[in-house]
Amino acid sequence: MVHKKGDKYDLAARAGWLYYVAGYNQEEIANEFGISRQSAQRMVSLSVSEKLIKVRLDHPIASCMKLASELKKKYSLKECEVIPSVTQDISTNIGLGQAGAQILEKYIESKDPLIIGLGTGKVLNMIANELSPINGSHHKLLSLVGNMANDGSASSHEVVSKIADKTNATYYPMPLPLIVKTQEERDLLHNQQSTKNILALAKKVDISFVGIGQIDANAPMYKDNFINKEELDALLEAKAVGEIIGWAFDIKGNIIDGCTNKRLTSIPLTKNPEKLIIGIAAIQAKLIAIKAALEGKLINGLVTNEMCAKSLLA
């Protein structure tokens, strides 16, 4: 079958499908399309680079499974996924989006209606981008965190609407600033009927997916303009090491009393949650925060990579 004309992306998508799904080798693809083996190789590469086809690792690598099992035992986790590391240091988020999307899809495919809570951030955004279109119209998606910065701008990492677009699920955004000026203003916003409805729904969440941010000079909340330098310094003075949906906590996983936590609009974060809360993080800068969240029982599920897992078990 000779393809003399046609859109190159269409050919690339077909080549990618034949290679990754149908199990063709590059020579067989070249024969199928009537092109050279080198051209077939380029088409397969293009299908991945342009995200025309998504590649996930389905083979349960023994070493990763062992690490996941040890993490579950050490930290009493309900769910844990460890993916292969690209390098010998904890320096990359590569693969977390795919792994998180695969777990999220598992729950969206559930026939029972679920209320799924979602945090925000780069890794959650990666999950939204990797998620395959799937009908989840019987589910509800709930934002656990305000998605507005101090200047009124929307977060570039807001994910609830993106995931809703791919699943047809009903979604409930949190159209509030992450942090307001006073505790009284926070209480006033929480007493609005629309927010009260979201807070009530949050008590019924079946499973949540959250990122874990570090509190340091490069804290995501600071870099994304949710807090200013003075607020960051106050958190560091209070010995905060990490945050989940904006709630800052110390090295033992205790929620900080005061600072920005008093003015935070996010859904409450509690220790020893009854429902599954999956934290998704891996890079070196987040290691202390991840360990604190695990030891403080702020999360009971984890998606991370090999090198981070080894450090958490050391």
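Which elements do the buried residues of helix 13 pack against? I kept in mind that I am working with a predicted model. I found helix 4 (62–75), strand 1 (79–83), helix 12 and strand 10 packed against them. The buried residues themselves, within helix 13 (residues 306–313), are Glu306, Met307, Cys308, Ala309 and Leu312.

**Entry: helix 2**

Next I turned to helix 2, which spans residues 26–33. I listed Gln26, Ile29, Ala30 and Phe33 as its buried residues. Looking down the axis of helix 2, I see these buried residues fall within an arc of 100 degrees, so they line one face of the helix. A reminder to myself: an α-helix has 3.6 residues a turn, so residues three or four places apart point the same way.

What sits on the face of helix 2 turned away from the buried side? There I noted the exposed residues Glu27 and Asn31. The cover over the buried residues of helix 2 includes helix 1 (8–20) and helix 3 (37–49).

At the start of helix 2, Asn25 brings a side-chain oxygen to within 3.1 Å of the backbone nitrogen of Glu27. After helix 2 comes Gly34, with a positive phi near 70 degrees.

**Entry: helix 1 against helix 3**

Which residues make the contact between helix 1 and helix 3? From helix 1 I wrote down Lys8, Tyr9, Leu11, Ala12, Ala13, Ala15, Gly16, Tyr19 and Tyr20. They meet Met43, Val44, Leu46, Ser47 and Val48 in helix 3.

**Entry: helix 7**

Val160, Ile163, Ala164 and Thr167 are its buried residues. They cover an arc of only 105 degrees around the axis, which puts them on the same side of helix 7.

What do the buried residues of helix 7 pack against? My list has helix 5 (96–108), strand 2 (115–118), helix 6 (122–130), strand 3 (140–143) and strand 4 (170–172). Just past helix 7, I noted that Asn168 has a positive phi of about 65 degrees.

**Entry: Phe209**

I then picked out Phe209, which lies in strand 5 (residues 207–211). Is Phe209 buried or exposed? At 1% relative accessibility, Phe209 counts as buried.

Setting aside neighbours within four places in sequence, I found Phe209 in contact with Gly100, Ile103, Leu104, Tyr107, Ile116, Gly117, Leu118, Gly119, Leu124, Ile278 and Ile280. I also took a distance to Gly279: Phe209 and Gly279 are 70 residues apart in sequence, with their C-alpha atoms 6.2 Å apart in space.

**Entry: positive phi in loops**

Where does Asn225 sit? I placed Asn225 in the loop between helix 10 (220–223) and helix 11 (229–237). Asn225 is not a glycine, yet its phi is positive, about 65 degrees. With a relative accessible area of 51%, Asn225 is exposed.

Lys297 went on the page as well, with a positive phi near 60 degrees in a residue other than glycine. I located Lys297 in the loop between helix 12 (287–295) and strand 10 (301–305). Its relative accessible area of 27% makes Lys297 partly exposed.

**Entry: cysteines and one glycine**

How many disulfides are there? My count came to 0 disulfides. Cys64 is in none, and the nearest cysteine sulfur, that of Cys80, is 10 Å away, whereas a disulfide needs sulfur atoms within 2.5 Å. Cys64 is buried at a relative accessible area of 5%, while Cys259 is partly exposed at 29%.

Gly258 counts as buried at 9% relative accessibility. I also noted 14 Å between the C-alpha atoms of Gly258 and Glu243, which are 15 residues apart along the chain.

Terms used
Residues are numbered from 1 along each chain as its sequence is written. This is a predicted model: local features need pLDDT of at least 70, side-chain atom pairs count only at pLDDT 80 or more; totals for chains, interfaces and linings use all residues. Side-chain values use heavy atoms; hydrogens and water are left out. Buried means under 20% relative accessible area, exposed over 50%, partly exposed in between (1.4 Å probe, protein chains only). Helices (H or I, at least four residues) and strands (E, at least two) are DSSP runs, numbered from the N terminus. The arc is that of the directions from the helix axis to the C-beta atoms. Contact means heavy atoms within 4.5 Å. A polar contact is a pair of N or O atoms within 3.5 Å; within protein, one must be able to donate a hydrogen and the other to accept it, and residues adjacent in sequence count only if both atoms are side-chain atoms.
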